[in-house]
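Please read it with the structure open.

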Amino acid sequence: MTHTRDRADELEALLDYLKRARGFDFTGYKRASLTRRIDKRMLGVDVEGYADYVRYLEANPGEFAQLFDTVLINVTGFFRDEGPWAFLREELIPRILATKGPREPVRIWSAGCATGEEAYSLAMAFAEVMPADRVRDCLKIYATDVDEGALATARQGTYPERAVSGVPPDLLARYFDAADGHYSFRKELRRLVIFGRNDLVQDAPISRIDLLVCRNTLMYFDAETQSRILARFHFALNDDGYLFLGRAETLLSHMTTFAPVDLKRRIFAKVPRPTFRDRLLAASRHAVDGDGAGMSPHPRLRDAALEASPVAQVIVDRAGTLAVANERARSLFHLAHDDVGRPLQDLELSYRPAELRSRIEQVYQERRAVTLPDVEWRTGPAIRWFAVQLVPLLDDELEPLGVSIAFDDVTALREVRLQLDHSHQELESAYEELQSTNEELETTNEELHSTVEELETTNEELQSTNEELETMNEELQATNEELHTMNDELRRRGDELNEVNAFLESIFTSVRAGLVVLDRNLDVLVWNGRSEDLWGVRHAEVEGTSFFALDIGLPVEQLKAPLRAALAGDGDAFEVSLPATNRRGRAITCRVSGAPLVSSADATPRGVILFVDDATDDA
Ligand SMILES: C[S@@+](CC[C@H](N)C(=O)[O-])C[C@H]1O[C@@H](n2cnc3c(N)ncnc32)[C@H](O)[C@@H]1O
């Protein structure tokens with residue numbers, strides 16, 4: 001446990017060191033794949049702990065590049081995962097173009113572009129849909145990555161045959177020049193793609209983007225870092241812009257800022273945030289609608305509205321004179337036209353249906369509206385009920401100009417209220433029943449809620465497992481590519497070795513003397529065709545056998561001394577003539593020349609080389 005914690009602390013210290021020493025911030029990367037990649041590199045240089053690895057990096061700065069190369073997985077391909085690309089061509093690009101004027105720029109960003117295949121795929125996809133002159137004048141594809149090595153390959157735009165296998169043949173013919181088994185992206189489109197270094201964790205985003213493609217890159221980051229990057233992407237995109245992610249990447253926790261256009265294909269639309277200006281506009285509209293600040297500029301219209309109002313309304317000025325009475329008020333309170341202009345106190349209205357004068361005084365004193373909610377008015381057998389509201393009318397300096405008095409007839413409302421009161425009791429008992437049903441429902445609801453939450457958690461867990469699997473898949477692909485390269489190298493070496501072997505074999509065969517090579521134990525390594533001719537013993541029979549155990553017509557015992565001397569490095573070559581019997585039983589004189597077998601790197605003899613010749617005729 002402590003060991004694990006120590007190791008985790010050491011890893012964090014290593015990440016901190018990488019940030020300080022080289023400005024690479026890996027702290028926001030998912031720990032599982034990050035440690036796998038760092039461990040792989042450490043295995044390569046035979047270092048066990050992260051603290052030791054920091055020391056190793058300090059002593060060997062060349063190792064930084066190797067480490068970054070291992071951590072930043074550049075697996076990619078042209079038109080990777082075909083499905084979404086068809087959707088892009090058929091649906092999304094036309095949608096983007098439809099929002100643009102014919103001369104308006106179309107700006108694309110491939111973030112985490114690795115060795116450039118994705119950016120060039122985008123260039124081809126747009127060029128297939130857009131008119132050529134519009135592509136030339138309006139299309140810009142920004143392609144960024146944090147890995148300078150990958151960007152260098154991307155800038156060259158030249159790929160081996162295996163890399164272009166994902167490009168449909170007609171596009172390959174249209175957009176690539178082939179030479180020496182390599183394919184170079186054509187210049188006309190190549191110059192629309194601008195490659196640059198951009199660290200998604202630390203650098204500012206590119207702005208005013210119509211389509212942001214960030215595939216199989218976000219999944220390397222932990223949830224918090226993904227969130228930060230997505231907020232930047234949101235900023236980078238135009239309000240009607242789109243985000244295109246990789247197969248394993250979704251936006252579970254960002255559904256408010258991005259809305260799925262096609263969830264399966266991982267294509268999302270930006271949900272624009274209201275700007276400050278929008279909010280201000282909404283607020284001012286509210287103010288105009290809500291508090292009457294936007295007063296009508298037509299006084300006659302206002303007067304007509306007051307006159308036609310279904311609520312009886314009178315206005316009493318500061319001197320206590322009835323200044324205005326609308327049609328409803330005149331008919332309700334039997335006011336004649338010439339009552340307008342008379343002191344209120346002279347009119348029945350001043351005390352019936354409610355005592356108004358003291359209330360008017362109260363309004364002036366308190367400078368606020370006064371409401372009399374239930375005013376009864378009996379006229380013969382009929383009873384009417386009013387809600388009377390007295391509102392102070394103030395000038396610009398907040399000095400009182402008068403009081404507006406509205407008589408709202410609430411008779412019908414009161415009846416309804418009485419009936420309602422009646423029903424209320426019935427309802428209350430029904431309510432109690434409902435209440436208990438509701439409680440039951442709430443419990444069920446809570447249970448459902450927690451099940452939904454569990455499902456959401458499981459979903460997120462599945463999502464991160466999915467991302468983890470995809471990451472491992474990419475790592476495997478990277479290893480696979482390394483193995484391919486090693487395999488090619490081994491095959492090349494094998495071919496070279498075969499050639500050298502064939503070459504040696506031809507030398508052995510062409511030598512006219514019997515050639516015998518012995519190792520340090522004086523066991524037979526080489527036994528050429530002429531030796532087989534001389535002694536009637538085949539190579540396969542003698543290989544690995546001690547030279548002195550050979551049952552041939554040559555008195556090998558007599559060669560012991562010079563052979564040992566040659567092996568010990570005492571003296572150089574030797575030559576002796578020996579009587580011998582060849583395979584046909586004929587007595588011959590053999591000339592045996594020997595020399596120690598030495599290499600340029602090591603002076604100690606590795607064995608002895610012997611030339612054995614029939615010298616009977618010479619003798
Ligand atoms: C697996 S590749 C994806 C390539 C391409 N988008 C695709 O889907 O085929 C991930 C890329 O993300 C890049 N990357 C990793 N961390 C990054 C960062 N902080 N900022 C920018 N790119 C980053 C890596 O260098 C690598 O080229």
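**Notes on the predicted model**

1. Start with serine 121. Leaving aside its neighbours within four places in sequence, serine 121 is in contact with Phe78, Phe79 and Trp85. This serine lies in helix H6, which covers residues 117-129. Is serine 121 buried or exposed? Its relative accessibility is 0%, so serine 121 counts as buried. Please keep in mind that this is a predicted model.

2. Stay on helix H6 and go to glutamate 128, which is found there too. With a relative accessibility of 34%, glutamate 128 counts as partly exposed. Not counting residues up to four places away in sequence, glutamate 128 touches Leu171, Arg174 and Tyr175. How far is glutamate 128 from leucine 550 in space? The C-alpha to C-alpha distance is 78 Å, and the two residues are 422 apart in sequence.

3. Next, the overall form. The protein chain has 19 helices and 20 strands.

4. Burial and surface come next. Of the 619 residues, 39% count as buried. The protein chain exposes about 35400 Å². Carbon and sulfur atoms supply 52% of that area.

5. A word on contacts and charges. Take the contacts between residues at least 6 apart in sequence: 59% of them join residues at least 24 apart. The chain carries 71 positive and 107 negative charges. The mean positions of these two sets are 5 Å apart.

6. Now the largest nonpolar core. How many residues does it have? The count is 50. Those with the most contacts inside the core are Phe26, Ile38, Trp109, Leu212, Phe233 and Leu243. Several elements give two or more residues to this core, among them helix H2 (31-44), helix H3 (50-59), helix H4 (62-71) and helix H11 (223-236). Strands contribute as well, including E1 (106-111), E7 (209-214) and E8 (237-245). Helix H1 gives the most, with five residues.

7. Look at the loop between H1 and H2, where glycine 23 has its place. Glycine 23 counts as partly exposed, at 34% relative accessibility. Which residues does glycine 23 touch, not counting those up to four places away in sequence? They are Leu18 and Gln202. The C-alpha atoms of glycine 23 and glutamine 202 are separated by 9.5 Å, although the two are 179 residues apart along the chain.

8. Phenylalanine 268 is found in strand E10, residues 267-270. Its relative accessible area is 0%, so phenylalanine 268 is buried. Arginine 103 is 165 residues away along the chain. The C-alpha atoms of phenylalanine 268 and arginine 103 are separated by 26 Å.

9. Please check the backbone at proline 353. A cis peptide bond joins arginine 352 and proline 353, with omega at about 5 degrees. Where does proline 353 lie? It is in the loop between helix H14 (327-332) and helix H15 (357-366).

10. Arginine 367 also deserves a look. Its phi is near 50 degrees, a positive value in a residue other than glycine. Arginine 367 is found in the loop between H15 and strand E13 (370-379). At 40% relative accessibility, this arginine counts as partly exposed.

11. Leucine 522 has a positive phi too, near 65 degrees, and is a residue other than glycine. It is found in the loop between strand E16 (514-519) and strand E17 (524-527). Is leucine 522 buried or exposed? Relative accessibility is 4%, so leucine 522 counts as buried. The cut-off used here is under 20%.

Definitions and conventions: Residues numbered from 1 in each chain as written. Predicted model: local features only at pLDDT ≥ 70, side-chain atom pairs only at ≥ 80, totals over all residues. Heavy atoms only, no water. Helix = DSSP H or I, 4+ residues; strand = E, 2+ residues; numbered from the N terminus. Buried < 20%, exposed > 50% of the residue type's maximum accessible area, 1.4 Å probe, protein only. Contact = heavy atoms within 4.5 Å. Areas by Shrake-Rupley, 256 points an atom, 1.4 Å probe, with all protein chains shown as cover. Lys, Arg positive; Asp, Glu negative; His and termini not counted. Charge placed at Lys NZ, Arg CZ, Asp CG, Glu CD. Core = buried A, V, L, I, M, F, W, Y, C linked by side-chain atoms within 4.5 Å.
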